[in-house]
Amino acid sequence: MKDVRVAIVGGGPAGLQAAISLSKLGIKPLVYEEHSNIGQPIQCGEGLSIHAFNDFSIPVEDSKIWTKVHKRCKLVFPENRAIYGDIQAYMIKRDKFDQYLAQKATDLGSTIITSTRVNSIQQNSAGVLLNIEGEKSTEVQSELVILAEGAQAKLTKSLSISPPFPLIYAFEYKVEGEWGEELEFYFDAERYPYGYIWLFPRKNETNIGIVTNSRERKKLLDDFLNQKNISGRILKKVGGPIPMKGPIPEIHRDKIMIVGDAAGMVNPIFYGGIRIGMTSGEIAGKVAANFLNRKDDSQASSLDRYPAEISKYMFSNKINLSCHNFFYSRSNKFLTKLGKILNEQYINRIKGREKIKMLLNLLVNPGLLKYPRGLLKIYKGFKIARDWGF
Ligand SMILES: Cc1cc2nc3c(=O)[nH]c(=O)nc-3n(C[C@H](O)[C@H](O)[C@H](O)COP(=O)(O)OP(=O)(O)OC[C@H]3O[C@@H](n4cnc5c(N)ncnc54)[C@H](O)[C@@H]3O)c2cc1C
């Protein structure tokens with residue numbers, strides 16, 4: 001039986017960033033990834049804000065990992081009312097991006113083992129026992145385990161820790177040609193309940209996808225393409241589940257820490273999770289290294305610091321879920337009114353007096369008048385989502 005200090009289950013952005021963070025602090029983890037190639041198959045809209053590059057010192061000039069940069073996003077409400085936002089978002093090449101993180105982790109001393117699935121985990125007095133299915137089945141004893149196994153979170157479930165639930169499903173076409181000039185989000189409460197359609201132009205291609213709890217995802221996306229006269233060849237179809245309600249309550253138990261999608265580390269408004277997942281991995285790695293390198297049993301080196309540190313970030317603030325609950329349970333009538341009042345505005349440019357004027361405008365509007373608190377939730381939630389949404 002092999003002994004390791006830290007085993008990480010899952011070689012996505014959250015697990016790889018945890019490996020980088022640990023390795024930097026002298027603990028060289030083992031990362032198990034069930035697929036043969038890191039970053040593949042791609043299941044992603046591939047939009048990522050500049051903040052992720054800055055937070056993790058990822059060189060923006062390295063155009064091997066992205067194809068296009070967008071400075072504006074457009075939110076389209078029913079009756080074609082559009083609201084704009086200034087952003088700086090990169091269309092990453094998700095496979096190359098994950099492979100970049102894997103290379104960084106390896107250069108720092110982590111070991112990544114692909115084509116190897118962790119079948120089960122069991123807590124014991126020495127930490128956690130992992131049952132590994134690779135070329136041959138083996139057991140590995142680890143002092144500590146970081147679960148970065150994505151949205152399905154099977155091992156997390158096996159510990160009777162509430163997994164991220166419910167999940168929402170996304171489906172996407174990679175279409176030939178650039179069908180637009182900015183990141184576009186189409187909201188329609190009747191057609192795309194609890195979600196939206198996205199249109200993210202890349203170089204010579206566009207990622208066009210839908211996230212909704214409607215089971216008619218494919219048909220709705222096909223209708224959208226027809227309606228917009230998007231006739232480019234479909235190069236690829238991808239899809240997958242996404243945690244819908246943000247971080248789960250229990251993200252750490254004994255010697256097990258849960259990061260990324262497995263811990264619900266996703267923005268519940270735009271459903272992006274790369275940056276949040278990496279942030280949770282970074283923090284879990286630091287707390288784990290501090291714990292393993294500890295000289296005493298003080299609170300400062302306890303694993304309880306992981307949820308405590310996470311709670312300091314705006315992405316874990318309850319306002320995000322409140323905004324999700326309020327915004328996604330509105331009717332199209334409400335969304336149309338909102339779109340009409342904010343029409344053609346750059347939402348992030350409204351400052352000082354103009355902000356007050358806009359709020360008054362919203363509040364005197366019959367139909368919106370009864371929701372002053374809800375409107376505030378939308379304002380706050382979307383403000384956070386601009387930074388943490390993708
Ligand atoms: C269609 C779609 C579009 C999206 N678009 C965006 C976007 O544009 N921007 C954004 O920020 N986010 C987006 N997301 C969300 C984003 O992809 C996830 O939040 C992010 O990938 C989470 O990273 P992770 O490392 O937690 O999990 P994952 O990336 O899912 O990685 C988990 C890894 O664990 C491996 N694994 C699982 N179980 C085991 C096991 N037992 N043993 C070994 N390996 C295991 C899996 O193979 C996988 O590689 C999208 C999601 C979907 C489905």
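A nitrogen atom of the ligand is placed 2.9 Å from a polar backbone atom of valine 118, a polar contact being a pair of N or O atoms within 3.5 Å. This is a predicted model, in which local features need pLDDT of at least 70 and side-chain atom pairs count only at pLDDT 80 or more, while totals for chains, interfaces and linings use all residues. Residues are numbered from 1 along each chain as its sequence is written, and side-chain values use heavy atoms, with hydrogens and water left out.

Side chains also reach the ligand: a polar side-chain atom of arginine 94 lies 2.9 Å from a ligand oxygen atom, and a polar side-chain atom of histidine 35 lies 3.0 Å from an oxygen atom of the ligand. In total 33 residues surround the ligand, the closest being Glu33, Gly45, Gly47, Arg94 and Asp261; a residue is counted here if one of its heavy atoms lies within 4 Å of the molecule.

We turn next to strand E5 (81-92), where strands (E, at least two residues) and helices (H or I, at least four) are DSSP runs numbered from the N terminus. Nine of the twelve residues of E5 are buried, that is, under 20% relative accessible area with a 1.4 Å probe and protein chains only. E5 runs antiparallel to E4, to which ten bridges join it, and it pairs in the antiparallel sense with strand E3 (residues 47-49) over three bridges; pairing requires at least two DSSP bridges between the strands. Arginine 72 stands opposite aspartate 86 in E5, and serine 49 stands opposite alanine 89 in E5. Three residues lie between the strands in the hairpin of E4 and E5, where glutamate 79 takes a positive phi near 65°.

E4 and E5 are also among the elements that give two or more residues to the lining of the second largest pocket, together with helices H9 (332-342), H10 (352-363) and H11 (372-388). A pocket is an open set of points on a 1 Å grid over the protein atoms alone where a 1.4 Å probe fits, with protein on both sides within 12 Å along at least five of seven lines, and lining residues have an atom within 4 Å of a point. The lining comprises 26 residues, of which Ile347, Ile378, Tyr379, Phe382 and Lys383 lie nearest the centre of the pocket, and H11 gives the most, with six residues.

Notes: Buried < 20%, exposed > 50% of the residue type's maximum accessible area, 1.4 Å probe, protein only. Polar contact = N/O pair within 3.5 Å; in protein donor to acceptor, adjacent residues only side chain to side chain.
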